[in-house]
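Dear colleague,

Please find below the sequence and the structure for your review. My notes on the findings follow directly after them.

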Amino acid sequence: PLPPSPFPPSPQIAVARDRAFNFYYQDNLDILEQLGATLIRWSPLLDETLPEGTQGLYFGGGFPEMFAAELAANQAAINAVREAIAQGMPLYAECGGLMYLCQEIVDFQQQAWPMVGSLPTSAVMGERLILGYRQATARSDSPFLASTMAVWGHEFHRSYLQASPRQPLFSVKSLSRYQSPSFEGWQQTQLHASYIHLHFGGCPALAEKFVGCCLDFSELIELR
C-alpha cells in the first residue's frame with residue numbers, strides 16, 4: 001500500500017472514459033485517488049464541457065480511430081481541451097489520448113478527421129501492429145519526470161505519427177536486441193503525451209508529480 005497522501009484533498013482530475021477511451025490500468029486510477037485526487041469521469045464523445053472544477057486531465061488508451069468522426073463532430077469538447085492546455089492545465093495522455101491531441105487522425109480509409117491540434121503532427125492508421133515492452137528514459141526534466149528517470153511500459157497500436165517531436169520526451173529501448181533505440185513522446189508546458197502505457201506502481205514519482213501539478217494549477221487559477 002502507498003503511504004498517506006502528501007497532498008491536501010483534493011485536486012480534481014477529469015478522466016476520459018467512453019467507447020473511444022477505455023484502456024486504463026485500474027491500479028493507476030487507484031493510485032491517483034490514494035494520492036488525494038478526485039477522479040471525475042467524462043466523455044470526449046458526448047460531453048461538451050469539462051467537469052466543473054477540473055484541475056487536471058487524464059487520457060488513456062483506446063480506439064479513437066474507430067470513433068474519429070464522432071470525436072471530430074464534438075467541437076465543443078475539442079475546444080474545451082484545447083483551452084485547458086493553453087491555460088497550462090496538467091494533462092497526462094497515453095496512446096489513444098496522444099492521438100486525440102494531434103492535429104488530425106487519418107483513419108483506415110485514409111480520411112482525415114480534425115482533433116485538438118495541440119501536437120503539431122497527424123496520427124495515421126497503418127497496417128503494422130507495434131507491440132512490446134519498452135524501457136523509456138526521460139531525456140530532460142519535465143513537470144512529471146526527472147531527467148534520466150527510467151520507466152517501464154508497453155506499446156500496442158497500429159497508428160504512427162507523421163512528424164516526430166523536436167525534443168522527444170523519451171529515449172526508448174525494446175526487449176528485442178534486433179530493434180534499435182528510438183525517441184518518442186511529447187512534452188509541452190504541463191502536457192505529457194506518449195504511446196507508452198505506464199503502470200504508476202512502477203513509477204510512483206510520476207503519479208505524485210502529476211497530482212502535485214494539478215494541485216498547483218488549482219491554486220494558480222484561484223490567484224488569477
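In which helix is the place of Leu206? Leu206 sits in helix α5; helices (H or I, at least four residues) and strands (E, at least two) are DSSP runs, numbered from the N terminus.

Please note that this is a predicted model, in which local features need pLDDT of at least 70 and side-chain atom pairs count only at pLDDT 80 or more, while totals for chains, interfaces and linings use all residues. Residues are numbered from 1 along each chain as its sequence is written, and side-chain values use heavy atoms, with hydrogens and water left out.

**Leu206 and its surroundings**

Leu206 has a relative accessible area of 0% and is buried (buried means under 20% relative accessible area, exposed over 50%, partly exposed in between, with a 1.4 Å probe and protein chains only). Apart from neighbours within four places in sequence, Leu206 is in contact with Tyr92, Phe144, Leu145, Met149, His192, Leu198 and Phe200 (contact means heavy atoms within 4.5 Å). Leu206 and Ala146 are separated by 60 residues in sequence, and their C-alpha atoms are 8.8 Å apart in space.

**Aromatic pairs**

A pair of aromatic rings is described by the distance of the centres and the angle of the planes. The whole structure contains 11 aromatic pairs (rings of Phe, Tyr and Trp, the last by its six-membered ring, pair if their centres lie within 6.5 Å; planes under 30 degrees apart count as stacked, over 60 as edge-to-face and the rest as tilted). One of them is the tilted pair of Phe59 and Tyr100, with 5.5 Å from centre to centre and 35° between the planes. Phe59 belongs to strand β4 (residues 56-59) and Tyr100 to helix α4 (residues 96-101), so this pair ties together parts that are 41 residues apart in sequence. Phe59 counts as buried at 0% relative accessibility, and Tyr100 counts as buried at 0% as well.

The rings of Tyr92 and Phe210 have centres 6.1 Å apart and planes at 40°, so that pair is tilted. Because Tyr92 lies in strand β6 (residues 91-94) and Phe210 in helix α5 (residues 204-223), the pair ties together parts that are 118 residues apart in sequence. Both Tyr92 and Phe210 are buried. Ring pairs also link Tyr24, Tyr58, Tyr92, Phe144, Phe200 and Phe210 into a cluster.

**The sheet**

Strands of a sheet pair through backbone hydrogen bonds, either parallel or antiparallel. Here, six strands in the order β3-β1-β4-β6-β14-β13 form an open sheet with mixed pairing (two strands pair if DSSP finds at least two bridges between them). β3 (38-42) and β13 (186-188) stand at the edges with a single partner strand each, so one side of each is left without a neighbour in the sheet. From one strand to the next, the twist averages 15°.

Within β1, five of its five residues are buried. Gln12, Ala14 and Ala16 point one way from β1, whereas Ile13 and Val15 point the other way. β1 pairs with β3 in the parallel sense over five bridges, and Ala14 has Ile40 as its bridge partner in β3. β1 also runs parallel to β4, joined by four bridges, with Val15 opposite Tyr58 of β4. β4 and β6 pair in the parallel sense over three bridges, and the bridge partner of Tyr58 in β6 is Tyr92.

**Salt bridges**

Side chains of opposite charge can pair when their charged atoms come close. How many salt bridges are there? The count is two (a salt bridge is a side-chain nitrogen of Lys or Arg within 4 Å of a carboxyl oxygen of Asp or Glu). One joins the side chains of Glu70 and Arg19 at 2.8 Å, N to O. Glu70 lies in helix α2 (residues 68-73) and Arg19 in the loop between β1 (12-16) and β2 (21-23), so the pair ties together parts 51 residues apart in sequence. Glu70 is partly exposed at 36% relative accessible area, and Arg19 is partly exposed at 46%.

Glu155 forms a salt bridge with Arg134, with the closest N and O atoms 2.6 Å apart. This pair links Glu155 in strand β10 (residues 150-161) to Arg134 in strand β9 (residues 119-138), 21 residues apart. Glu155 and Arg134 are both buried, Arg134 with a relative accessibility of 4%.

Yours sincerely

Definitions and conventions: Axes are lines fitted to C-alpha atoms, for helices over the stretch in contact, and angles run from 0 to 180 degrees between N-to-C directions.
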